[in-house]
Amino acid sequence: MTPTAPTDRIQIAVDGPGPRFLGLSTAERNRRVAHRAEARDAHLTGMLRLPDDIVLTVSLFEHLPPEGTWHVDWHPERPPLAWQGAGAIGLPVPVSVPDGSALDVSTRAARRVSAWRLLRQSGKATDGWMARHIHRRMSRVVSYALLQIGLTAAHAMVVPAAVGLASAWLMAQTSQQTLIAGSLLLWFSSVTGGIDGEMARVSLSDSSHGQQLDTLLYHATRLLCYAGVIAGWWRQGMGLRGAALAFGVALALPATRLLSMHMVRNASGTPHLLVETRPIEFALHDAARSTGSWILRLAAAIFVLFRRESYPLVFVAVSLVTGSRAVFATIVAAAVSLVLLTFLFYARPIEDRMRHRFAS
């Protein structure tokens, strides 16, 4: 064996590129894993020798001793891996790592099992109940299929964009049937919006640039769907008061998004322009508990109702009752007004709780 995939401090010695797994050769994948392990532990140095039909995870390196020569037991039926820490020469000593620290990809069946194991771990810490138990179950099937045919996370971004465009077009019509179909597509757009992130995480190609692009695409799709609702309302007969409400919300909606991201940036210290605003919801729950404010408790409950993965189903439920686009615009106006009032009176405790979460 020769070290064919060197990193700065951790070397992965393999006997070839290995089979392709989730869009990458095993050698390239393990090289990326080693790079991430280096970023997590600035002191870990050594060489890991393994066959080319094994896929490593970052968690493996958390259990490798920093010094000494070791036989790493990772599978009940496969030979151990050989780990040599910095400057260590001597007889190898057995050490066990938790199940799942390394994955067998030697056969097609083994690759399928390992791929689904990684996909089941591809969710985000900020996922809500619906995202974890409903949306991810559907999106992972699509992610697996796209990865199997050789597509990347960049290709997957087209799916929610196309679904969002179709949703906006249907909402711009005037019938109740098109409103129901548009609302269902808006919900499906929310489901498929997680595909690119899942694919990026399991293929180790996720980046801050990709996250910002995903956030931009999400907000652009939602604004486009709101524009479709307003177009449909105008075609149904809007009136002067309706036009004033629609125009006001059209200004307040992006302003609220920008203000939310500004609060998150201030609390986290991130330099990125586009950030996920889910930390505000967690901070709102914390602030409600610490202050005992019933207003904050109510706001926290409404924030959950209108979170990213939940509010499309609210629209679906409303569309089953009425085909009026004015009702949708009114719901959006009420939600934006609540958010702005909450920020106006409780911005300081919310930002304090966010800083506390980010610091810990």
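The model is predicted: local features need pLDDT of at least 70, side-chain atom pairs count only at pLDDT 80 or more, and totals for chains, interfaces and linings use all residues. Residues are numbered from 1 along each chain as its sequence is written, and side-chain values use heavy atoms, with hydrogens and water left out. The structure holds 14 salt bridges. A search of the whole structure finds three aromatic pairs. One cavity of 30 Å³ or more is present.

**Strands**

Helices (H or I, at least four residues) and strands (E, at least two) are DSSP runs, numbered from the N terminus. Two strands pair if DSSP finds at least two bridges between them.

- Strand β7 (residues 69-73) runs antiparallel to strand β8 (residues 81-85), and four bridges join them.
- T69 has Q84 as its bridge partner in β8.
- β7 also pairs with strand β9 (residues 93-96), in the parallel sense and over four bridges.
- In β9, S96 stands opposite D73.

**Salt bridges**

A salt bridge is a side-chain nitrogen of Lys or Arg within 4 Å of a carboxyl oxygen of Asp or Glu. Buried means under 20% relative accessible area, exposed over 50%, and partly exposed in between (1.4 Å probe, protein chains only).

- R78 and D53 meet through their side chains in a salt bridge, 2.8 Å from N to O. R78 lies in the loop between β7 and β8, and D53 in the loop between β5 (46-49) and β6 (54-56), so the pair ties together parts that are 25 residues apart in sequence. Both R78 and D53 are buried.
- D286 and R289 form a salt bridge at 2.4 Å, N to O. They are three residues apart in helix α11 (residues 278-291), separated by about one helical turn. D286 counts as buried at 8% relative accessibility, whereas R289 is exposed, with a relative accessible area of 54%.
- D352 forms a salt bridge with R355, and their closest N and O atoms are 3.5 Å apart. Both residues lie in helix α14 (residues 325-359), three residues apart, about one turn of the helix. D352 is partly exposed at 40% relative accessibility, and R355 is partly exposed at 36%.
- E28, R31 and R32 are linked in a network of salt bridges.

**Aromatic pairs**

Rings of Phe, Tyr and Trp (its six-membered ring) pair if their centres lie within 6.5 Å; planes under 30 degrees apart count as stacked, over 60 as edge-to-face and the rest as tilted.

- W116 and Y144 form a stacked pair, 5.0 Å centre to centre with 25° between the planes. This pair links distant parts of the chain: W116 is in helix α3 (residues 108-120) and Y144 in helix α4 (residues 129-148), 28 residues apart. W116 is partly exposed, with a relative accessible area of 24%, while Y144 counts as buried at 16% relative accessibility.
- The ring centres of Y311 and F315 are 5.7 Å apart and their planes are at 75°, so the pair is edge-to-face. Y311 and F315 are four residues apart in helix α13 (residues 311-319), about one helical turn. Both Y311 and F315 are buried.
- Y311, F315 and F328 form one aromatic cluster.

**Pocket and cavity**

On a 1 Å grid over the protein atoms alone, a cavity is a set of points where a 1.4 Å probe fits but cannot get out, and a pocket is an open set with protein on both sides within 12 Å along at least five of seven lines; lining residues have an atom within 4 Å of a point. Grid points are joined across faces, edges and corners, and a volume is the space filled by probe spheres set on the points.

- The second largest pocket has a volume of about 450 Å³. Of its 16 lining residues, R36, R40, V58, R201 and L204 are the closest to its centre.
- The elements giving two or more residues to this pocket's lining are α1 (26-40), α2 (58-61) and α8 (195-202). The largest share, five residues, comes from α1.
- The largest cavity holds about 60 Å³ of space. Its lining includes P160, D214, Y218 and R308.
- α7 (176-192) and α9 (208-236) each supply at least two residues of the cavity lining. α9 gives the most, with five residues.
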